[in-house]
Amino acid sequence: MTYTVGIDVGGTFTDCVVVDQAGTAWMDKSFTTPEDLSEGIIDALRNTCGHLGIEAEKVLQECQVFGVGTTSLINRVVSRRGARVGLITTKGHEDAVLIGRVVARSEGLAEQNRFDVAAWNKPEPLFVPGSVRGVTERIDSLGTVVASLNEAEVLAAISDLKAIRVDSIAVALLWSFLNPTHEQRVRDLINQAAPEIAVNISSEISPSLGEFERTNTTLLNAYLAPGAANDFAQMERRLQEYGLGCGLLLMQSNGGLAWANELQRKPVYGLAAGPIGGVVGVQKLARAASQSNVVCTDMGGTSFDAGLIIDGQPIFSSQSIIERHRIQVPSIEVTSIGAGGGSIATVDELTGELHVGPRSAGSTPGPVCYGNGGIEPTVTDANVVLGRIDPRSFWGGRRELDWHAAVESIQRRIAEPLGIDCQSAAAGIIDIVDARMADLLRTMTIATGRDPRDFVLYAYGGAGPVHVGSYARQLGASLIVVPLCAPVQSAFGIAIGNFSRHLSQSQPMKEPYDSESIDNVIEQLISQARHDWESAGLDPNLATYQTSVDMRFSYQVHEIRVPIEAGAGQIGIIDGFVDKYEDSFGSGAAFRSAGTEMLTFHLVSTLPAANYKHSIRSAEGRPAPSPGKLRKRDVFFEGQMVQTPVMNFMDLPPDQSIDGPVIIESANTTVVVHPGQSAMTDHNANLLVRTQ
Amino acid sequence: MTSASGGIDPVTFEILRHRLITIAREGAIALRNVSGSPTVALSNDCNVALLNDSGEAVIVGPTIVTHALACGYACDYIASKFEENPGIASGDMFLTNDPYVSTPHQTCSVVVSPVFSEDERIGWTGAGIHVADAGGSTPGQVALGAQSIWDEGPPLPPVKIVQKGELRSDIEGDWLSRSRTPAQNAIDLRAKIAANTVMQRRIEELCKRYGAQTIRSVFDRIVTSVEMQLRSILSDIPDGVWSEETYLDYFDQDQTDLYVCRLSMTKRGGTLFFDFSGSSKQAPGVINVTRPALEGYVIRALMATFGYAIPPCPAGVARVIEIDAEKGTFVDCSFPAGTSKGTTSGTYAVFHAVTSCVSKMLVAGGMPERAITTWRAHMPLLDFAAIGVTGRRFAGVFTDGGLGQGSGARGTQDGIDTGSGSEPEVTVPNVETNELRYPWLYLFRRQAIDSAGAGFFRGGAGIEIALIPHGVEEIGSIVLHSHGTECPSSPPFEGGLPGSVNEVSFLRGSSIMKLMKQGVLTSAFSELGGTREIPKPFGRTRLEGSDILYCRGAGGSGWGDPLDRDPEMVWGDVVAGTLSVNAAKALYGIVGSTESGIDAPATRLERSAQLQSRLCAPLFKPKNVLTRALPAICSGCKTPLHDSNIHVIEIPWEQLGNGLSSLADHKQFHLVGRLCGTCGRLFDTYSYLPTERGVPGLTETQLDRGFGG
């Protein structure tokens, strides 16, 4: 028997999913061990293997894929534990990062701080203060050398940076993505003059238009690389000590897996790994179910994360903001708002308004019902008061929640100031947070030019399935899917992930295009990808290669990514662009007479990491439900407590629809099915809830 | 459930409040998606609003608030005049760019639309965009040399552009025929219509679900809630009067005139009274502020300052203010005064004066962390047009210098280097993006050394840029329209010094091309040959092959005596490259070298010598000194301050280094410092305009009345 293992290391919990070659999945979780993440990983694996009835060591030996998504890189940025980095750039442009296109002063702030204008500041740069050196050289927008590289100045800069003891030098020159010769020469000079100093050049790390983002990306990579190499090597070594029989794989921001020793050279590509895995898992399930447009929603303790799948593909963004630093790497786009189980409810003393979030009690102290010292009522407390979450079966009964404390806190802090009863106050908290989530999803879907009602809604994470029945109804979604692995969906996505490479190359061109130039860029990208696969010990012939290009109309700024089909020719590409433009911005919006421009070419290449079955089944069998098992409890629906059946996820009769209201529980999640909704499982043991 | 404040239960209110904000976001998405123009998509110079039936802007979109306010004034006008003829019906939309009715200038245009639930009008939606050109004598926004609005783009008072859902092609034809950019304006018009349609439909859906009365109540309660919150903040601050004087330098008819915005702000209980009387008479054209724009910029300044505590609801803010201004002044002009540069001219003088008075009030109320000297000074701006070798046309507005200014010092920290403004989404494009789009090559774009106004907390460093034409023979048209070149435009606080002024200049016939070919890149203009030309701040010129365009955007003004600034912080700026070793000594009394850092004993001596030299400086006698506020004690030596133990001196511009020394040539202003006669610490600095220098329309009495404090 062989296995694939997916691990998602979060701030509080480490989640684990094991899938065997027959497609059967087991899952469990454990507490994260921040000092040595591999401890928590092994604990979670052991817990999971307990369900399989075999030793964790045996799974480690026999696993084909061992994939990990980790926040360790982001933690290094948060705690500013990175290398001493110096920067060599084009003379006259030394301040590009400090200027930060002005907007750096307000980008990436939490919602509540966005309009606190007097408190704005730019983030501390990632280089050592005083370690930026401009050198004489200049390339223009056609890639032509306007001023040649002054090597004496480069040597002087290296000598300066050595003197201030940098570990690493980032090199980012203007237009280097079009003509990298100057950057490459600077790298060679550094390697000769200071071989002990690591070098990152922007034309390799992020060969795309935009010097601010490209420089920041290169700096961040230089900042993280030495520490990442240590972290990954240590994790791999520890897992090998436990018997890991294959190489360690890590989740990248683009949703694909990469060998740890590859990612340690480009750690900046692995920063957004966490919530990405969930979307990857949904993509796989949605494809199997022939669902092309999907909203992925993950509600956890502090935030509500949402991603979109359109025509079977996740929406990607080419830029993201990491701890207020804007960088340029392809990542699956996930939008977050501060709405989670820990979001705190308050009544404004002055206006009497009821607000929920964005402040969160997080996991420490957590909701009042956790009994860890939290005193402000949260969304989870409201769910407990309303009977939606059973205080005794939380986290499979491993943690009993304090119902009385939740009631007391909502009564005193919300109900009394508003002059209403406790249940109404709790219901109000839930209604507000559900409406905020529905509002976010609506804005996200309409921004793609689509009707939100045309999407299937997936819900996972600790709290997603509790709330989805309500926000799906507000959005008008007719089908909800709560996947089998909902509590550990990111780990599931990692377990079934593919190897993936995203390569980009900016090569601005204006219509009429030179077909040969287009072909050259594409060939160059494919050849680079094939080379990468070979270097990773994989067979390039097993990979798929999809190319696309960002296009826009001249004088306009909306860029649309257009797939380049083999043999389409430039007319085909332009037609594809116009169609897609009108699809997004409305019929007649295309400004065709202005002519078009191509900017950045992209290649996505994927290669299967393991052979697994498409149909993932639950680990447990599906015994016929016994009527005696049916429980009931009071749950608040439509203004009153209603005696509501409570069923175990595993006890649901296959292919038989159950009308709401009903609560469906598994070890780590609770699905609330509202009156008027109905639930059934599909043949892969995912729960389907129809809302109308 | 019913809340104490009546009407609607708090849960429904909170849900609908957020839903209305979401509807405004959806409107903003439609606006930006359909337009796609660089002004909209790169500079975010557009916005949307949801308004109540009285035309008050209740919820505004995430970008520049003045567009949303303009929608409100348009609704007022339409509701008061059009009820019978041409009628206001479901499916109608109205267009205007008339500054005497709605927008701050003619290149801003708005479309507003009534929202009906069955037959009842429950509110309005609106959307505004800054269009590329709205006609007039000069391409772009500014009508150079205009002597009245008749010389500028002709304003269109509100007209019914959409009737019962149909775009009226006759009206559209009229609107587009006024502009040099009809195709882009046509798309922008459709964008505004699309945004209104989206928002309208969504509000109608809410009315169906919750009832029109509930939606009305939510609108009302949002406004009263913001009003309550703002009044509550104000009520905690002691009552008082604060005043300020800000300047606008405007070159017209071969001379630069200085326009003075004089504000006295009184806070009583939970209300703010703004009195602009005594401000300069209106100019013939270009720079004037109409009444809607005056109100809009007062509200905009308050929303920036109080945004930390109150949601963006102009109607709520409007309820706590009263504004008094004299008709016929440049801050409340009379027809036919021209207004074509309305968003970045007189309105900024208003914005600066309001920000300054409110910040002084916040300091008095024990909230210095919320106070700032200024968000952004007057802007150096230029519009350009060129034809490439292949016949491709280029045109645009160069905003790097304006948006890249430094913000002013704050009450508890420095200003932000190259980070001006109060709108979260405003940005400048990358150098590479601009070089791809436009026919030029940047020689440098960097933080301007010694540009920050010195102070205990310093202002933010400004920006400086140099560029040359590239890929074209010449940039055939450059229209300059800058303010803030003749005087510092943001007032420093409590003895801080002003930041640098703006500058736009040329080095004609330089040897830069030759040097680059030889592998030399230098930013020292002295090594580049050619002739330095400082053009008049308003005018039209061109940039030929070997000419260099230089632009500097101002630094922010400082707060508190620079001699009290922590030496380590001063040296941090030296290491970061925003302060020269010479300026560290001249402005802050810090002696040191790049090799060995601060020389502490020499610094002590230098600071003491500078205090002494202030005490020995000849006394200066400006006419207005007695009207400025006097702190109770000196912040340094704690001596009680009164008229007999303070010194008033002139601080020579020449001493202030890069960015201000040029003012010494103009002799328009003096920089006045008031200091403690015991220890020499500055507690007040201000620009002083002697009476013999002309300010159009200002009488001797008005000038004598005094300058803020």
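This is a predicted model: local features need pLDDT of at least 70, side-chain atom pairs count only at pLDDT 80 or more; totals for chains, interfaces and linings use all residues.
Okay, the helices. H1 of chain B covers residues 10-35, and H7 of chain B covers residues 212-235. Their axes come within 10 Å and cross at roughly 85°. Anything from 65 to 115 counts as roughly perpendicular, so that's what H1(B) and H7(B) are.

Who's touching whom? From H1(B) you've got B:Thr12, B:Phe13, B:Leu16, B:Arg17 and B:Leu20. H7(B) answers with B:Thr214, B:Ile215, B:Val218, B:Phe219, B:Arg221 and B:Ile222. Sorted by class, that contact has 7 nonpolar residues, along with 2 polar and 2 charged ones.

Chain A puts in 74 residues and chain B puts in 82. Between them they bury about 6,700 Å², with 55% of that on carbon and sulfur atoms.

What about the polar side of things? There are 7 salt bridges between chain A and chain B.

Now look at chain A's side. Elements giving two or more residues there include helix H8 (211-241), strand S25 (498-510) and helix H13 (422-447). H13(A) gives the largest share, 12 residues. By class, chain A's side splits into 33 nonpolar, 20 polar and 21 charged residues.

Conventions. Residues are numbered from 1 along each chain as its sequence is written. Chains are lettered from A and ligands numbered from 1 in the order in which they are written. Side-chain values use heavy atoms; hydrogens and water are left out. Axes are lines fitted to C-alpha atoms, for helices over the stretch in contact, and angles run from 0 to 180 degrees between N-to-C directions. Helices (H or I, at least four residues) and strands (E, at least two) are DSSP runs, numbered from the N terminus. Angles under 35 degrees count as roughly parallel, over 145 as roughly antiparallel, 65 to 115 as roughly perpendicular and the rest as oblique. Contact means heavy atoms within 4.5 Å. Ala, Val, Leu, Ile, Met, Phe, Trp, Tyr, Cys and Pro count as nonpolar, Asp, Glu, Lys and Arg as charged, and the others, Gly among them, as polar. Buried area is the accessible area (1.4 Å probe) that two parts lose on being put together, summed over both. A salt bridge is a side-chain nitrogen of Lys or Arg within 4 Å of a carboxyl oxygen of Asp or Glu.
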